[in-house]
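Subject: Structure for your review

Dear colleague,

Please find the structure below, handed over for your records. My findings follow it.

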Amino acid sequence: MRQRAQWGQASVEKMLGALPVIAGFCPWLRIRELVDAASPVRDTAELTHGQVIEVLVTHRLFSPAPLVHVQE
């Protein structure tokens, strides 16, 4: 007697690479906290200095290519 296959819910798989690993180290290294403690932020700023430095460090570790036109 044959049994019918039962399928679960559809899933989506994505290759994320090293980015989740690098992002996991940022809180452990306390980059954002240390930079924000050393540099004050204006009330009109959208991001803190620590957030910007954390993104730049993450980008440099994830994709070590020259940052051209980073201000854009």
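Is serine 39 buried or exposed? Serine 39 is buried, because its relative accessible area is 19%, where buried stands for under 20% relative accessible area, exposed for over 50% and partly exposed for what lies in between (1.4 Å probe, protein chains only). The residue sits in the loop between α2 (31–38) and α3 (49–62); helices are DSSP runs of H or I with at least four residues, numbered from the N terminus. A polar atom of the serine 39 side chain lies 2.9 Å from the backbone oxygen of valine 35.

Please note that this is a predicted model, in which local features need pLDDT of at least 70 and side-chain atom pairs count only at pLDDT 80 or more, while totals for chains, interfaces and linings use all residues. Residues are numbered from 1 along each chain as its sequence is written, and side-chain values use heavy atoms, with hydrogens and water left out.

Confidence

The protein chain has an average pLDDT of 83, and 90% of the residues score at least 70; pLDDT is the predictor's confidence in each residue, from 0 to 100. Confidence in the protein chain is lowest in α1, with a mean of 86, and highest in α2, with 94. Where pLDDT is low, the predicted coordinates should not be read in detail.

Salt bridges

The count comes to two salt bridges, a salt bridge being a side-chain nitrogen of Lys or Arg within 4 Å of a carboxyl oxygen of Asp or Glu. In one of them, glutamate 54 meets arginine 32 at 2.6 Å, N to O. This pair links distant parts of the chain, with glutamate 54 in helix α3 and arginine 32 in helix α2, 22 residues apart. Glutamate 54 counts as buried, at 11% relative accessibility, whereas arginine 32 is partly exposed at 36%. Another salt bridge joins glutamate 33 to arginine 30, with the closest N and O atoms 3.2 Å apart. Here glutamate 33 is partly exposed at 48% relative accessibility, and arginine 30 is partly exposed at 41%.

Aromatic pair and nonpolar patch

The structure holds one aromatic pair. Phenylalanine 25 and tryptophan 28 form it edge-to-face, at 5.9 Å centre to centre and 70° between the planes. For such pairs, the rings of Phe, Tyr and Trp (its six-membered ring) must have centres within 6.5 Å; planes under 30 degrees apart count as stacked, over 60 as edge-to-face and the rest as tilted. Both residues lie in helix α1 (residues 19–29), three residues apart, about one turn of the helix. Phenylalanine 25 is partly exposed at 43% relative accessibility, and tryptophan 28 is exposed at 65%.

The two also belong to a nonpolar surface patch of Val21, Phe25, Trp28 and Leu29, which together have about 470 Å² of accessible area. Patches are made of residues with over 30% relative accessible area and no salt bridge, like charges being joined within 9 Å and nonpolar side chains (Val, Leu, Ile, Met, Phe, Trp, Tyr) within 5 Å; accessible areas come from the Shrake-Rupley method with a 1.4 Å probe, and for residues only the protein chains shown count as cover. Valine 21 is likewise found in helix α1.

Distances along the chain

Leucine 19, in helix α1, is partly exposed at 36% relative accessible area. Its C-alpha atom is separated by 6.2 Å from that of phenylalanine 62, 43 residues apart along the chain. Glutamate 46 and glycine 17 are 29 residues apart in sequence and 29 Å apart in space, C-alpha to C-alpha.

Yours sincerely

Technical notes
Helix = DSSP H or I, 4+ residues; strand = E, 2+ residues; numbered from the N terminus. Polar contact = N/O pair within 3.5 Å; in protein donor to acceptor, adjacent residues only side chain to side chain.
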